[in-house]
Each structure stands twice: as structure tokens, then as C-alpha cells.
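Dear colleague,

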Amino acid sequence: MLRAGLVRQLAAGIYTWLPLGLKVLRKVEAVIREEMDLAGAQEILMSSVQPAELWKESTRWEAYGPELLRFTDRHDRDFCLGPTHEEIITDLVRGEITSYKQLPCNLYQIQMKFRDEIRPRFGIMRAREFLMKDAYSFHIDADSLEETYQKMHATYCKIFDRLGLEYRAVIADTGNIGGSKSHEFHVLADSGEDRIAFSSLGNYASNVEMTPVTMATSEPLPETEVMQTIETPQQQTVKEVCEFLNTPLSKCLKTLVLDGSKGNLIAIVLRGDHDLNVVKAQKLDEVAIPLRFAEHDEILAAIGCPPGSIGPVGLPIDVLVDQDAALASDFICGANKHGYHLTGVNWTRDLPSPKVFDLREVTTGDLAPEGLGTLDIKKGIEVGHIFQLGTKYSSAMKASVLNENGKAVTMTMGCYGLGVSRIVSAAIEQHNDSKGIIWPKQMTPFYCAIVPINMHKSPSVLQKATMLYETLSKEGYEVLFCDKPERPGVMFTDLELIGVPHRLVLTERGLAKDVIEYKGRTSEETLEVKWSEISSFLDKLR
């Protein structure tokens with residue numbers, strides 16, 4: 001995006017959009033507006049500066065964390081820069097809507113947001129300031145919310161279909177926005193930060209953090225070994241222990257120590273070849289939120305053993321065990337003695353039957369939920385997220401209406417976010433080659449480019465190029481006139497970099513034959529098109 005002249009960085013995670021980038025951004029906005037309006041939503045514009053009183057009313061002023069940029073005005077009143085607008089829209093609606101007859105109501109805006117990311121990265125993809133479409137719906141009951149939620153789901157699909165993006169809608173965690181149900185929309189790309197699990201059969205898809213593990217069996221293998229203590233000097237990690245003992249990672253259990261919800265420490269036990277799913281763990285009552293792993297000194301004080309040799313046998317803190325680890329038999333684990341491990345360990349016989357939970361992340365090849373084959377995992381870039389908020393904000397902020405019986409009823413809410421600037425970046429990640437950007441049709445800043453070779457020396461080429469530009473512009477084409485005094489190769493390279501789909505080259509030799517040289521962005525072939533046929537030729541390519 002920097003090389004193509006779409007944006008320039010102003011500060012970490014903050015960018016200025018240049019003319020070319022802004023054209024693309026506005027095209028994405030136009031598609032979003034059209035589909036949101038067709039779905040019955042109404043556009044408004046709320047302030048990006050938000051008073052602390054509303055955030056305190058919803059209890060998020062402290063809970064949101066350091067991503068909320070707080071400041072005070074000259075009167076020492078607290079404000080923040082809006083990362084999202086649940087509080088502001090709820091305050092607006094509770095003052096405007098008083099009767100169930102005014103519901104449902106769906107309001108949206110397209111506005112810059114600011115989230116003070118601790119580590120902005122990947123350019124526009126993970127910026128601190130970004131352009132977002134956020135919509136909020138209000139309802140008399142859950143059935144009405146569900147209807148609008150499904151309509152917004154379908155609307156988002158239409159938006160991404162029109163923008164020419166390969167995407168997936170997946171079951172997702174509600175995060176700090178809250179609510180009972182949510183879906184993320186991901187553009188599939190190798191550079192994506194999120195991992196998406198797909199079933200080989202059916203249409204199941206979810207973020208890995210929300211994908212349940214489906215067990216093939218509930219019975220462990222029979223016991224065949226006796227528990228023994230062995231010395232494992234200098235072996236700190238599960239991988240090192242398994243290499244030292246020449247055994248697979250699946251045979252060894254690892255024990256993680258983290259904060260418990262009661263100010264205590266707790267242990268989570270997983271198979272050595274599995275990773276902890278933080279979202280699943282944080283949903284357990286025993287685990288403190290946010291999840292935090294214990295420090296070396298804390299572990300040493302509580303267990304008497306440093307990390308690297310910890311195991312569930314005789315552990316003096318509560319132990320939570322992943323369901324795969326609970327089926328392990330004759331397994332290896334730490335002996336709770338520095339430099340030692342246990343082999344041939346079995347549940348029930350050598351230590352109490354475990355408290356079992358689904359705690360690990362799924363992996364490729366795992367069974368898919370509901371018997372839908374197996375799971376495949378791909379990377380995705382989150383560009384949209386829809387939520388059923390329920391009454392989280394309307395209850396806290398006392399947003400109610402009178403129902404048909406004249407009784408006050410708390411409104412039920414939905415929330416629908418779409419990253420406008422992130423869509424542009426995600427489209428480039430998905431549509432590119434070694435030469436530059438390959439824009440989807442709806443997003444390209446220019447439909448075609450006119451390249452008049454040596455126009456500064458050839459009046460006839462300049463005259464014909466100007467005439468062609470005016471003709472195509474009147475016919476509704478967005479045309480880029482390449483009038484820079486550069487060599488043809490330089491201009492061609494620039495056009496490929498910025499992703500103009502169709503290139504029209506005018507030369508004196510071509511004009512003598514009454515032809516224009518045409519080349520498509522993804523084609524290696526150059527065609528000669530008659531001057532009189534160029535409009536119809538381009539029209540067929542639309």
C-alpha cells in the first residue's frame with residue numbers, strides 16, 4: 001500500500017489515506033451503504049469523543065482496559081476516543097424511542113475509531129485508528145433480534161460477494177463487547193492472524209478458539225506400566241523431555257500453572273502435542289480473567305519446584321485436565337522435583353480421577369462437530385463481526401420502552417461491525433501477485449488506464465489520447481490518464497503495482513493502423529483493438 005501510493009504513515013498505527021487509496025475506500029463504503037440501506041438500516045453519525053459518564057454507566061470505563069484512550073478536557077472532565085459506540089447509541093435511543101411501536105430500529109454509521117493497540121502491526125490491518133461501519137439494532141424481544149441478526153448476516157454476505165472476496169462466516173467468541181451469540185466474517189489469506197476451522201463435510205466453520213473438540217472415544221487404553229521416577233537433568237520443556245526419553249509428545253502430559261479466580265493458583269494439564277485454548281479456559285469458573293500464567297517465583301513458592309518438572313501427581317493445587325489428557329495411560333509427567341519426571345503414570349491408580357474439561361485448541365484432522373467429517377484449518381483476516389448483545393447495555397443504562405400493555409420493557413440489542421479500511425488491506429492480501437495489486441472489480445480505483453507513448457513529442461498521440469479519455473469518461477468509465485514524462489516500462493510497472501485492470505497504449509505506429517494496444521492486468525498477451533471498437537470491447541470486460 002505504501003509503494004502503490006495508497007497510504008502514508010503518520011505515527012505508529014495511524015495513517016493518512018492518499019487520493020488513490022481514498023478512491024478504493026470510498027468504493028467499499030458505497031457498497032456497504034447500499035446494502036445496509038436495502039436491509040432497512042438508517043445512517044447516522046455519532047461523536048468520536050465520548051464522555052466517561054456513559055462508559056461508567058455501562059461499567060466499561062475500567063473494564064475495557066488500556067486500549068481505551070482516555071483524556072480530560074479543560075474542565076477536568078473525563079472523556080475517551082471511541083473504539084466502539086454501544087454506550088453512545090444506547091444513550092441516544094433511550095432518549096428518542098419510548099414505545100414498542102417504534103421498534104425494531106437499526107442505526108449505523110461509518111466513522112473513524114481509535115483503539116490504543118499495544119503493538120500495532122501489519123500496517124492498516126492492525127492499526128490504532130481505522131474506518132469502521134458499526135450498526136446497532138433495538139428490539140422488543142429476542143425473536144425480533146434474531147430476525148434482524150439473520151438479516152445482517154445475509155447483508156454481510158452480500159457485501160463481501162459484491163466486493164469479490166473469498167470469505168467465511170464463522171462462530172465466534174463475543175469478547176469484551178459481550179452478548180450471547182456472535183459470528184465473525186473472515187477473508188481467507190495466508191497472512192491472516194486468526195485460524196478458522198472448517199468441516200470436510202457440511203458447512204460448519206468457526207474460529208479455532210470457539211471450536212469444540214469432538215472425541216473419538218471416551219475410554220483410555222489399558223494400563224501396562226508401573227509408575228517410576230527417572231532423572232531428566234537439564235530437560236525443561238516437553239519437547240526436550242520427549243527427545244531425551246525418545247518418546248512422542250502425545251505420550252507426555254504438560255502442566256501449566258495460572259491464576260485461579262479465588263486468588264489462588266491452579267494447574268491445567270494437557271497432552272504435550274496440544275495447545276491451551278485461552279478462550280475455553282477463561283470460560284471456566286475456576287480460572288481468573290484475564291488469564292495469566294504464574295511467574296517462576298510464584299510457582300516455586302506454591303509447589304516447591306520450578307517450571308519444567310511440574311506434574312499432576314501429588315500437586316498441592318487444584319488440577320483441571322483436558323479431556324484428551326484424561327484418556328492418557330502410562331503417560332510421562334513432571335515429578336514435582338527439579339530434574340525428575342515420572343513414567344508409567346495412570347489416572348485413578350496413581351492420582352485421583354481428574355476434573356475433565358475441553359481445554360485444547362483443535363488441530364487439522366480432528367473430528368468435526370456433529371459428525372461432519374474432519375477439520376481443516378486455514379488462516380483468515382477478520383473484517384466483520386456481528387453480535388446478539390441481549391440486554392447487557394440496555395439494562396445497565398436503563399433503556400426501556402412501553403410494551404402493548406403499557407409496561408416498561410428493557411430493549412434487546414444487536415451490534416454489527418465491519419472494518420472498512422481493513423477490507424481494503426485484506427483484499428490486497430488476497431488478490432496480488434509479484435507485480436502488485438489485482439483489485440476485485442468493485443474495488444478498483446480506475447477501470448482502465450490510457451498510456452500515450454511519447455505524447456510530449458507527438459501531437460497526434462496527445463490529441464487521440466485526449467479524445468479517447470473524454471469519450472470513455474462520458475461513457476461512465478473511470479479512466480486514468482498517464483501523462484507523466486516517464487519511459488513506457490516505468491509506466492507499465494506502476495500500473496501493474498496499483499492494479500489497474502485494463503491498459504490502453506497509444507503509439508504513432510498503432511494510430512497509423514487505427515488500433516489501440518490492449519493488455520489486461522493478469523494477462524501476458526497484448527491485443528490490438530480497432531479504435532472504433534474499443535468502447536464495446538471494454539464493455540464486454542465489465
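Predicted model: local features only at pLDDT ≥ 70, side-chain atom pairs only at ≥ 80, totals over all residues.

A search of the whole structure finds 36 salt bridges, and three of them are described here.

Within helix H1, Glu29 and Arg33 lie four residues apart, about one turn of the helix, and their side chains meet in a salt bridge with an N to O distance of 2.9 Å. Glu29 counts as buried at 5% relative accessibility, whereas Arg33, with a relative accessible area of 27%, is partly exposed.

Arg94 forms a salt bridge with Glu57, with 2.6 Å between the closest N and O atoms; because Arg94 lies in helix H4 and Glu57 in helix H2, the pair ties together parts that are 37 residues apart in sequence. Both partners are partly exposed, Arg94 with a relative accessible area of 25% and Glu57 at 28% relative accessibility.

The side chains of Lys513 and Glu528 also meet in a salt bridge, at 3.0 Å from N to O, and this pair links Lys513, in the loop between helix H14 and S29, with Glu528 in strand S30, 15 residues apart.

As for helix H13 (residues 488-498), its buried residues are Met491, Phe492, Leu495, Glu496, Leu497 and Ile498, and what covers them includes helix H1 together with strands S25, S26, S27, S28 and S29. H13 is followed by Gly499, whose phi is positive, near 85°.

Definitions and conventions: Residues numbered from 1 in each chain as written. Heavy atoms only, no water. Buried < 20%, exposed > 50% of the residue type's maximum accessible area, 1.4 Å probe, protein only. Helix = DSSP H or I, 4+ residues; strand = E, 2+ residues; numbered from the N terminus. Contact = heavy atoms within 4.5 Å. Salt bridge = Lys/Arg side-chain N within 4 Å of Asp/Glu carboxyl O.
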